[in-house]
Amino acid sequence: MENILLKVVILMASFFIASALPSPFSPTATMLGSILRSLGFRELSLAAHSLTDSPWSGGPYTIFAPTDASISVCGSCSVSRILQEHTLPGVFSVNYLRTLAFGTKLETMAPGRCITVTSDLLNSTKLFIGGAEIDRPNLFNNGFVVVHGLSGFVSHLPAFSCILGPAQAVPAFSIMRLMLRDASTRLRISGYSVLALALRVKYADLAILHNATVFGVNDAAIFAGGQAYVRDVRFHVVPNHLLMDHDLEELPADTVLPTLEGNQTLAVTNAGGGGFLEPMRINHVRITSPNVVHNLKIVVHGLSKPFPHLNDPPAAESSSCEIQGSMDGYESCALPSTLEIKSTAEIDDRHGF
């Protein structure tokens, strides 16, 4: 069964590779400003820096753009904040937005602010974002920046915009689902089509996570003999940790990382900081392309080959120094010879996933 799945994944990947786009880029403030200005959104173009200065500086972005006239009506509004509150991390087509349930809340570039998607109950062709109609969809779309034009009054989103009801916030799994979709799309056009398809196969396991760090092998390496990666993809996922390249570099040798594969773990066999001649290695494999894809919930690091299973992995020793979801703890207490990274989230599966 596994061999059949492997053949299907590789066959499907060949179609994605044939139609792959050029490597993705990170939109700059100048680029975003130029796009918005060319579409007639002068006020928003002047605030483009508010997007590239944010933690989500690499894009992609979906911008729901109100007109200059709409912004001018709100005299007390900050244009930079309006732009952040009307921008979503990721690529969202109008067709996809129409598939969302009435009243779906989407997390915006503004921390703690969510915008609501609704439609006209009498005329389902009309789509509204934060109460303003998307009257000019797909004004711009290059795969990394999408702009939809809005008509109607806009204002700042309230502090409780991410609340569904009494003490009921937007469930994390719904955001994770959107981020999985975004990561899969970007992996497909970055030379990681097989990994993108593998994430779809493992969707049920990934959608319930708080976040994840994925170690991937590109298509060329898989076709050159790394087919075992497809069968072992769960062993290459660190659940409930978003470990960027700088976080990995701070991990000391013998740090143990959990994986989706039950009690099987990864180990830092070479700590970072050794330079080019002694790069960081996990299970003796070097990370060749850090931060290939990253968004609010997922980061993917490229490997030259799949992780081998260590015959005698180091056992975690007890310690009074625990990590609670950040790397800051490493310098606050004495480190044991083996350090285990613990999960940062307890998943409450109340939603049937």
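# Cavity, sheets and disulfides of a predicted model

The largest cavity of this structure has a volume of about 70 Å³. The model is predicted, so to speak of its parts requires limits: local features need pLDDT of at least 70, side-chain atom pairs count only at pLDDT 80 or more, and totals for chains, interfaces and linings use all residues. Residues are numbered from 1 along each chain as its sequence is written, and side-chain values use heavy atoms, with hydrogens and water left out.

**The largest cavity**

A cavity is a set of points, on a 1 Å grid over the protein atoms alone, where a 1.4 Å probe fits but cannot get out; its volume is the space filled by probe spheres set on the points, which are joined across faces, edges and corners. The model holds three cavities of 30 Å³ or more. Around the largest cavity, the lining (residues with an atom within 4 Å of a point) consists of Leu-88, Pro-89, Phe-92, Leu-106, Glu-107, Ile-175, Leu-178, Met-179 and Leu-296. By class, eight of the lining residues are nonpolar, none is polar and one is charged; here Pro, Leu, Ile, Met and Phe are among the residues counted as nonpolar, and Glu is among the charged.

Helices (H or I, at least four residues) and strands (E, at least two) are DSSP runs, numbered from the N terminus. The elements β2, β3 and α8 (172-188) each supply at least two residues of this lining. Helix α8 gives the most, with three residues.

**The sheet from β1 to β7**

Seven strands form an open sheet with mixed pairing, in the order β2-β1-β7-β6-β5-β4-β3. At the edges stand β2 (87-89) and β3 (104-107); each has a single partner strand, so one side of each is left without a neighbour in the sheet. From one strand to the next, the twist averages 35°. Two strands pair if DSSP finds at least two bridges between them.

Leu-106, a residue of the cavity lining, stands opposite Ile-115 in β4. The hairpin of β3 and β4 has six residues between the strands, and Gly-112 there takes a positive phi near 75°.

Helix α2 (residues 29-38) lies across β1, β6 (132-141) and β7, and runs at about 40° to β7. Axes are lines fitted to C-alpha atoms, for helices over the stretch in contact, with angles from 0 to 180 degrees between N-to-C directions; contact means heavy atoms within 4.5 Å.

**The sheet from β10 to β16**

Another open sheet of seven strands has the order β11-β10-β16-β15-β14-β13-β12, also with mixed pairing. Its edges are β11 (237-239) and β12 (256-258), each with a single partner strand, so one side of each is left without a neighbour in the sheet. Ala-212 has Ile-298 in β16 as its bridge partner.

| Strands | Sense | Bridges |
|---|---|---|
| β1 (residues 61-65) and β7 (residues 145-151) | parallel | five bridges |
| β3 and β4 (residues 114-119) | antiparallel | four bridges |
| β10 (residues 212-217) and β16 (residues 298-303) | parallel | six bridges |

**Disulfides**

The model has two disulfides, a disulfide being a pair of cysteine sulfur atoms within 2.5 Å. One of them joins Cys-74 to Cys-77, with an S to S distance of 1.7 Å. The link of Cys-74 and Cys-77 is right-handed, with 65° about the S-S bond.

Note on methods:
1 Å grid on protein atoms, 1.4 Å probe; cavity = no way out; pocket = protein on both sides within 12 Å on 5 of 7 lines; lining within 4 Å.
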